[in-house]
Amino acid sequence: MANPLPNPRETPRTLDLTSSLGELSRVAPWIGRLAAELEIPDDTRFAIELCLEELLSNVVRHGYASEAGHFIAVRCSPSADKLTFAVEDHAPPFQPVRPADPPPETLNTLAPGSQGLRLLFRFAGAVRYERLADGNRVILEFARPPRSAA
Amino acid sequence: MTFATEELDGGITKVVLNGRMDIEGSAAIDLRMNVVGGTAQKLLIDLHDVSFIGSMGLRSLVLPAQAVSRRGGKVVLFAPAKMVEETLQASNIHTIIPIRHDMGEALAALA
């Protein structure tokens, strides 16, 4: 059976971006529309926005070395019990790894810009990596609370 | 992202932030945060109306806090919303910069 035609009023499940930090301002409004359609709770929406901001800014700054104009795509795949977001790029291999817990820090030893991967692994339910022939795919999963009965 | 300052009794500088401390929002306030960090001795950062914070937003808090601390000053984060506070906790910032939800306690921490 053929796939049904997409509902033209439905928010697209894929967001195509190019590699600049300015492009990332398009992500939160997209997540906002998905959250409204998919009844995503506010805390889960916060976690999704946070993880995507950290992951996508890593792709721009490290994967593409802040060179503008390269491909990035984010795809949302909702299911009954989870929301899956896949981020694909054509950058050199880069697998996000959970950082080790830091030693006790003081205000003056805290590295102010070093928290991105820690936040990613703390707020995503799961983080998986796939090396593609021409890039990287990072898959983030977020638990989806049961929807209340109508 | 909006930014406002207010001078309180006791030499306390209160900074009120409002909006999203994402990459774009943090960039919009960084310069003013660094100016405050370069001058304040007792700094109260009101996060009540911050709806989102990412690692760049954390950086916008930590850099001025470090500047104040290097001069022997004190910093308190005030009234973050639940998920903003969870982000501060995930980064261990709450162990370094005190978080208070009661204004009296926040002012006392700066005394």
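**Entry 1: around helix α3 of chain B**

Which residue just after α3(B) takes a positive phi? I looked it up: B:Asn92, at about 65°. A note to myself before going on: this is a predicted model, where local features need pLDDT of at least 70 and side-chain atom pairs count only at pLDDT 80 or more, while totals for chains, interfaces and linings use all residues. Residues are numbered from 1 along each chain as its sequence is written, chains are lettered from A and ligands numbered from 1 in the order in which they are written, and side-chain values use heavy atoms, with hydrogens and water left out.

Helix α3(B) itself covers residues 82–90. Helices here are DSSP runs (H or I, at least four residues), as are strands (E, at least two), numbered from the N terminus. In chain A, they pack against α2 (42–63) and α3 (116–123). In chain B, their partners are β3 (42–53), α2 (55–70), β4 (74–78) and β5 (99–100).

**Entry 2: where the two chains meet**

I found 29 residues of chain B in contact with 26 residues of chain A (contact means heavy atoms within 4.5 Å). The two chains bury about 2300 Å² between them, with 64% of it on carbon and sulfur atoms. Buried area is the accessible area (1.4 Å probe) that two parts lose on being put together, summed over both. On the chain B side, B:Ile23, B:Met83 and B:Ile96 lose the most area to chain A, together 25% of what that side buries.

Next I checked charges. The rule finds three salt bridges across this interface (a side-chain nitrogen of Lys or Arg within 4 Å of a carboxyl oxygen of Asp or Glu). One that I looked up joins B:Arg20 and A:Glu49, at 2.8 Å from N to O. The elements giving two or more residues to the side of chain B that touches chain A are α1 (23–39), β3, α2 and α3 of chain B. Helix α2(B) gives the largest share, ten residues.

A:Cys51 is in none, and the nearest cysteine sulfur, that of A:Cys76, is 14 Å away. A:Cys51 counts as buried because its relative accessibility is 0%. A:Cys76 also counts as buried, at 2%.

Key: Buried < 20%, exposed > 50% of the residue type's maximum accessible area, 1.4 Å probe, protein only. Disulfide = S-S within 2.5 Å.
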